[in-house]
Amino acid sequence: MTTVLAVLSAAVTVLYALSALARLVPVKRRHYRWGQFGGMLASTLLVVGLASCAYVAVRGATAPRDTAEARAPVALRHDVLPTGVFAPGEWDSWSPVKRFGQETGRPVHYVLDYMGPDEAFPARLGALAAAHHAEPVLQMEPTMSMAGIAAGHDDSYLRDLSRQVSGYGHPLVLSFAPEANGNWYSWGWSHTPAAQWVAAWRHVVTVFRQQHVRNVTWMWTVNVPFPASGPVSDYWPGAAYVGMIGIDGYFVHSSDTFNSVFGPIVDQIRSLTAKPLLISETAVGPDSGTEAGSQVRSLFAGAKAGHLAGLIWFDQAQHGSAYHQDWRLEDNPAALAAFRAAAKEHGQ
């Protein structure tokens, strides 16, 4: 019996070592339940989702080999565009998410939320999502320095979080320090060197891989470009560390279209990778006026034509600047009617 167990143990070890070179991980982010950052954050608020977590056989300069994604974040059909939502209060009750699904006329596939520094895995939200066949998309928003994270100063927290995520047992999407090409976060453009951000990203993914976490899709989340944003390519951590791409972008002006908002960033990302692409945060604001309906139709049509993995609506009212609007569908009848029609057109 001892010999048999030894042989089995050796076989498992070999399989793990091989799988370490044959998996990928993406990155994702969560939102602070107790508030948002100021400035332009609202124009690109949070998002989500994501690919399978990978093992790393050896830590060091050699990165894992790029391979195909192990699983899709949701069971997708070519004729279906999955949708998701960030709905305040979802961490305590499924009612806000259920209401959004009823209003839009389709099930919710992704439920977006945000994690502050040292925040534990939101077990209640995870249980609610699993019970309703939805996938959590969690944006990690640290306040620790990227250099410190890369140096391992926060490994105790990361290991604890990885065990909580693994114990959850259902697929989920994680994103770390999102929208780094923007200039509103401490880790973002003009605040932290891109090389430090990349090193921190890779370290976070590596810690989860070392803990053998298998149910995570890591989503690399970027913001749509604007005149003061940084080069997206500077923040690319490498295909071996990413399973899915998330794009955050909003229809702020009545002249906005899918091509004008998302076209440039989609082209930039496609020059880097062919990984699945998700619109991880989006909405149409009331400033769009009579164009709100056509913008929602443009959003769905563009996402479907680009073979994207879905879209997540940021269903929250925000105020305080030109970019902080009331993004709630229930307060925008034209957008809601267009969403229902587009959702029905693109099947479920």
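In this predicted model, helix α5 passes helix α6 in a right-handed crossing. The stretch called α5 covers residues 155-168, while α6 covers residues 194-210, and their axes sit 9 Å apart at an angle of about 50°. That angle makes the pair oblique, because roughly perpendicular is kept for angles of 65 to 115 degrees; α5 and α6 are therefore described as oblique to each other.

What do the two helices actually touch with? On the α5 side, the contact uses D155, L158, R159, L161, S162 and V165, and these meet H203, V204, V207 and F208 of α6. Sorted by class, this α5 and α6 contact comes out with 6 nonpolar residues, 2 polar ones and 2 charged ones.

Helix α2 (residues 95-104) packs against helix α9 (residues 333-345) at about 75°, and here the axes are 8 Å apart. An angle between 65 and 115 degrees counts as roughly perpendicular, so that is the label for how α2 and α9 lie to each other. From α2, the residues making the contact are F100, Q102, E103 and T104; from α9, they are L336, F339, R340 and A343. The class count for α2 with α9 is 4 nonpolar, 2 polar and 2 charged residues.

The largest cavity has a volume of about 70 Å³. Its lining is made up of 13 residues, and the ones lying nearest the centre are M140, P142, M144, Y157 and F176.

D118 is not a glycine, yet its phi is positive, at about 60°. Where does D118 sit? D118 belongs to the loop that runs between strand β2 (110-115) and helix α3 (123-131). S190 shows a positive phi too, of about 80°, and S190 is not a glycine either.

Note on methods:
Residues are numbered from 1 along each chain as its sequence is written. This is a predicted model: local features need pLDDT of at least 70, side-chain atom pairs count only at pLDDT 80 or more; totals for chains, interfaces and linings use all residues. Side-chain values use heavy atoms; hydrogens and water are left out. Axes are lines fitted to C-alpha atoms, for helices over the stretch in contact, and angles run from 0 to 180 degrees between N-to-C directions. Helices (H or I, at least four residues) and strands (E, at least two) are DSSP runs, numbered from the N terminus. Angles under 35 degrees count as roughly parallel, over 145 as roughly antiparallel, 65 to 115 as roughly perpendicular and the rest as oblique. A crossing is left-handed if the near helix is turned anticlockwise from the far one by less than a right angle, and right-handed if clockwise. Contact means heavy atoms within 4.5 Å. Ala, Val, Leu, Ile, Met, Phe, Trp, Tyr, Cys and Pro count as nonpolar, Asp, Glu, Lys and Arg as charged, and the others, Gly among them, as polar. On a 1 Å grid over the protein atoms alone, a cavity is a set of points where a 1.4 Å probe fits but cannot get out, and a pocket is an open set with protein on both sides within 12 Å along at least five of seven lines; lining residues have an atom within 4 Å of a point. Grid points are joined across faces, edges and corners, and a volume is the space filled by probe spheres set on the points.
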